[in-house]
Structure formats: structure tokens, C-alpha cells
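This report covers a pocket and its lining, then aromatic rings and charges over them.

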Amino acid sequence: MGQPKWGKWKNREEEENLLSSEVRQQIDDWIAKYPPEQKQSAIIPALHIVQAANGGYLTDKLLDAVAEYLEMRPISVYEVATFYSMYELKPIGRHKISVCTNISCQLRGSDEVVAHLRKRLGIGFGETTPDHRFTVKEAECLGACGGAPMMMAGRTYHENLTPAKIDQILEALK
Ligand code: FES
């Protein structure tokens with residue numbers, strides 16, 4: 001018996017246009033790591049792959065396409081995409097800066113990091129600079145407490161931040 005099909009994307013061609021062959025190949029590489037009947041286990045990397053291919057954010061149509069591809073109910077994909085702060089559901093700047101404000105970073109000066117970013121970029125959490133260069137987000141502990149205060153720019157960790165160090169990091173991100 002075939003798997004049930006969920007979602008609005010009844011037209012396979014339409015779904016495949018949303019997920020390029022490169023994207024599907026990357027998702028397939030992840031699906032292959034799990035038992036055949038558990039392809040939904042690839043949901044986390046699949047959303048990362050689709051998000052990266054779409055300029056850093058996910059749309060409802062893309063979430064539906066992922067649901068179709070992984071044979072999941074759309075609501076289950078939406079739950080994952082909205083639960084984790086690493087997924088974006090609206091356009092963001094070219095560089096996403098995630099500032100950890102959890103306890104270790106807070107005790108070591110995350111407030112100053114946030115204030116300095118606000119002063120330099122003129123934006124706060126959840127905002128994007130008018131030139132679409134930066135988006136700043138608040139992050140939960142990113143597992144680098146020993147280097148607090150820290151932030152992540154894209155996928156790169158920056159630790160033991162000072163205003164001068166933040167300036168250098170921003171300057172390097174064109
Ligand atoms: S509290 Fe900031 S990285 Fe852990």
C-alpha cells in the first residue's frame with residue numbers, strides 16, 4: 001500500500017520546480033541515512049537545505065513541498081519550522097547575526113553586545129538593516145558558554161566579544 005499524500009501540492013511537477021534537482025539530491029543524501037520507511041527523519045537537514053537554496057528563508061509553498069517530498073503532513077513540517085529559531089519564515093539580510101543572551105553570555109556582557117549592534121546597525125532583535133545587509137536575532141545558548149559573550153554570524157561562532165571585535169566582524173561581512 002502506498003504512503004498517503006498530504007498537502008496542497010498535488011502536481012508533482014510543481015513541487016519539483018520548487019525543489020531543484022540539486023536540492024532534492026542533497027535531501028536524498030540525508031534520507032539515505034535513515035530506514036526507508038522513516039524518510040521524515042531528514043526533516044531538520046531538509047529544511048536547512050531548502051532554506052539555504054532560497055536565500056535564507058522558507059515560504060509556505062516550500063514547507064508544503066518539503067512535506068510532500070518527505071511524505072509528511074504539512075502541519076508536522078510547520079511545527080518543526082516554527083519551533084526552531086534557526087529557520088526563517090520571512091526574508092532576512094545577507095548576514096544573520098544571532099546573539100546569545102542566555103545566562104553565561106548575559107553574565108559576561110551580552111547586553112553590551114546587543115547595545116553595540118544596535119548602535120552600529122540601528123536595528124534590534126528581529127530586524128533587518130534597510131540595505132538588507134544584516135538581520136539581528138536573539139539566540140538561546142549556542143553551546144559556546146566558555147567563550148561568552150558570543151554571537152554567530154552565519155554559521156561562524158565569534159566569542160569573547162568586545163565592541164572592537166564586533167566592529168571588525170561587521171566590517172568583514174559585506
Ligand atoms: S550561554 Fe551563551 S553560548 Fe551558552
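## Largest pocket

The largest pocket has a volume of about 640 Å³. Its lining counts 26 residues, and the closest to the pocket centre are His-48, Gln-51, Met-86, Lys-96 and Gly-154. A pocket is an open set of points on a 1 Å grid over the protein atoms alone, where a 1.4 Å probe fits, with protein on both sides within 12 Å along at least five of seven lines; lining residues have an atom within 4 Å of a point.

This is a predicted model: local features need pLDDT of at least 70, side-chain atom pairs count only at pLDDT 80 or more, and totals for chains, interfaces and linings use all residues. Residues are numbered from 1 along each chain as its sequence is written, and side-chain values use heavy atoms, without hydrogens and water.

## Lining

Helix H3 (43–53) and strands S1 (95–100) and S3 (134–139) each supply at least two lining residues. H3 gives the most, with four. Domain 1 (12–83) and domain 2 (95–173) each contribute at least three.

## Aromatic pairs

The whole structure holds two aromatic pairs. Phe-83 and Tyr-84 are edge-to-face, 4.9 Å centre to centre with 90° between the planes. Tyr-84 and Tyr-87 are also edge-to-face, at 6.4 Å and 80°. Rings pair if their centres lie within 6.5 Å, and planes over 60 degrees apart count as edge-to-face. Phe-83, Tyr-84 and Tyr-87 form one aromatic cluster.

## Charges over rings

The charged end of Lys-33 sits over the ring of Trp-30, 4.8 Å from its centre. Lys-39 lies over the face of Tyr-69, at 5.9 Å from the ring centre. The criterion is NZ of Lys or CZ of Arg within 6 Å of the ring centre and within 35 degrees of the ring normal.

Technical notes. Grid points are joined across faces, edges and corners, and a volume is the space filled by probe spheres set on the points. Domain bounds come from an automatic or database domain assignment. Rings of Phe, Tyr and Trp (its six-membered ring) pair if their centres lie within 6.5 Å; planes under 30 degrees apart count as stacked, over 60 as edge-to-face and the rest as tilted.
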